[in-house]
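Subject: Structure for you to look at

Dear colleague,

Below it you will find my notes on what turned up.

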Amino acid sequence: MENLLRPLIVVGGSVVLTLVIGWATDFLLRKADDRHHDTPLWGLLRRARIPYQLVLCAALLRGSYDEADLLQSNEEAVGRVLTLVLIGSTAWLVIRIAAAIVETSYSRYAHGRAHRDPARVRRVRTQVTLIMRVVSAIVGVVAAASMLLTFPAFRAAGASLLASAGILGIVAGVAAQSTLSNMFAGFQIAFGDMVRIGDTVVVDGEWGTVEEITLTFLAVRTWDERRITMPVSYFTSKPFENWSRGTPQMTGIVFWHVDHTAPVDAMREKLRDILRECPAWDGRAYDLSVTDTTPNTMQVRALVTAKDADDIWTVRVAVREQMIRWLADEHPYALPRVNTADAVLRPSRNGLHPSRDGERPSPDGVPVQRRYHGSSRSDR
C-alpha cells in the first residue's frame, strides 16, 4: 500500500500545489490589474501563468522525485526529462516577463507622446520590437545550450568544440556573410532612425507602409494589400523615399490638360470650393497655376496639402474628379478635343487640294490650316 501511496502523494501533491500557487498568483495579479488601471504590467504578467506553472511543477517534481520510488530503473532518464522541461519553461517564463516589462514601458511612453511626436513613437516601437527579438534569441540559445550540457556526451565534446571554435567561426562568418550584414543593418535601422514601423515609403516604385522589421528582413504592405519582403540591407545601401520622416504632412499635385480658352480664374475659385468641402484637406495651402503649354492644350497644375500620405491621396482624387466634372458641366469648351471635320476639295492654281473648314490656301496652293482646338470660334 505504501508503494502506491508514496508516488501518488509525491506526484499528486506537486501537481495540486502547483495549481494552488498558480491560482493564487493569478488572483493577486488580477486584483493588482483592477487596482492599477494606469499600467498594463499586471495584465501582461498574467500571460506568463502557463510557463510559471510549468516551472513550479517541474521544480517540485525534480526535487521530490527521489522520494516517490517510482520507475527506479529509469530514474536518471526521468530526472533528465524533468531538468529539460525546467530549463525550457524557465526560458519561456523569462521571455514572457521581459516582454511584459518592455511592453509596459513602451505603452507609458507612447501614451504621453502619441499626439505630440508620432514619428518618435514609431521609432521607439521599432527599437522595442528588435530588442525583444534579440532578447528572445539570446534566451533561446542559452536555454538550448543548457539543455545540451545535461547530456554527458555533449559535455565531453565541449573541449574539442572550443578548440575548433576559431576555425568554425571563420567558416561560419564566410558562409553567413549576407545574414550577418542584414543583421547589422537591422540594428542600424533600429537605432539610426532611417525607417520605422508605420512609415510610408516608396521602394522600387511601390508605395506602401512598413508593417514589420526584423533583424534580417523588412515587410512593406502596399496600398492594394500586397506584402513586399525585402532584406534590411537594401535600406542601408540604396536610396528610398520615406514620406513619414520628420513630419507626415505632405503636398500633392494634380494635373489637367485643358484648352487654351479654359477659365483659369474660375478653376482657381472652384478648387478653393472643392477643398473647403473635402475633410481630408488640412487647410494649410492650395494653389492653381498654368505650368506648360502645347500647340493644342495647356497644362494646369493644382497644389494641395494634407496631414499624411493617406489623406493627400484622398484630396488629389477628389480634386481631380470634381474639377473634371465641373468643367464638363459648366465649361465644356475647356476640355481638350480633336477636330474631326470632313475634308473638302478647294480649287487652287495647282489643282484641287483637300482642306478642312477653317483652312485658307497659301499663295503657292498648299492649304494652311488654322488649328482651333475644339469647336469653331462661332460655336463658343
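Which side chain meets that of Arg46 in a salt bridge? In this predicted model, the partner is Asp26, with an N to O distance of 3.0 Å. The two residues belong to distant parts of the chain and are 20 residues apart, since Arg46 sits in the loop between α2 (41–45) and α3 (49–64), while Asp26 is in helix α1 (residues 2–35). Asp26 counts as buried, at 11% relative accessibility, whereas Arg46 is partly exposed, at 22%. Both residues also belong to a network of salt bridges that includes Arg30.

The count of salt bridges comes to 15, and another of them joins Glu103 to Arg125, with the closest N and O atoms 3.3 Å apart. Here helix α4 (residues 75–113) supplies Glu103 and helix α5 (residues 118–149) supplies Arg125. By contrast, the salt bridge between Arg325 and Glu321, at 2.7 Å from N to O, lies within helix α12, where the two residues are 4 apart, about one turn of the helix.

Turning to the pockets, the largest pocket holds about 270 Å³ of space, and its lining includes Trp207, Trp223, Trp243 and Trp313. Helix α12 gives the most to this lining, with 5 residues, and by class the lining has 7 nonpolar, 2 polar and 2 charged residues. The second largest pocket has a volume of about 180 Å³, and among the residues that line it are Arg122, Asp308 and Asp310.

Best wishes

Terms used:
Residues are numbered from 1 along each chain as its sequence is written. This is a predicted model: local features need pLDDT of at least 70, side-chain atom pairs count only at pLDDT 80 or more; totals for chains, interfaces and linings use all residues. Side-chain values use heavy atoms; hydrogens and water are left out. On a 1 Å grid over the protein atoms alone, a cavity is a set of points where a 1.4 Å probe fits but cannot get out, and a pocket is an open set with protein on both sides within 12 Å along at least five of seven lines; lining residues have an atom within 4 Å of a point. Grid points are joined across faces, edges and corners, and a volume is the space filled by probe spheres set on the points. Ala, Val, Leu, Ile, Met, Phe, Trp, Tyr, Cys and Pro count as nonpolar, Asp, Glu, Lys and Arg as charged, and the others, Gly among them, as polar. A salt bridge is a side-chain nitrogen of Lys or Arg within 4 Å of a carboxyl oxygen of Asp or Glu. Buried means under 20% relative accessible area, exposed over 50%, partly exposed in between (1.4 Å probe, protein chains only).
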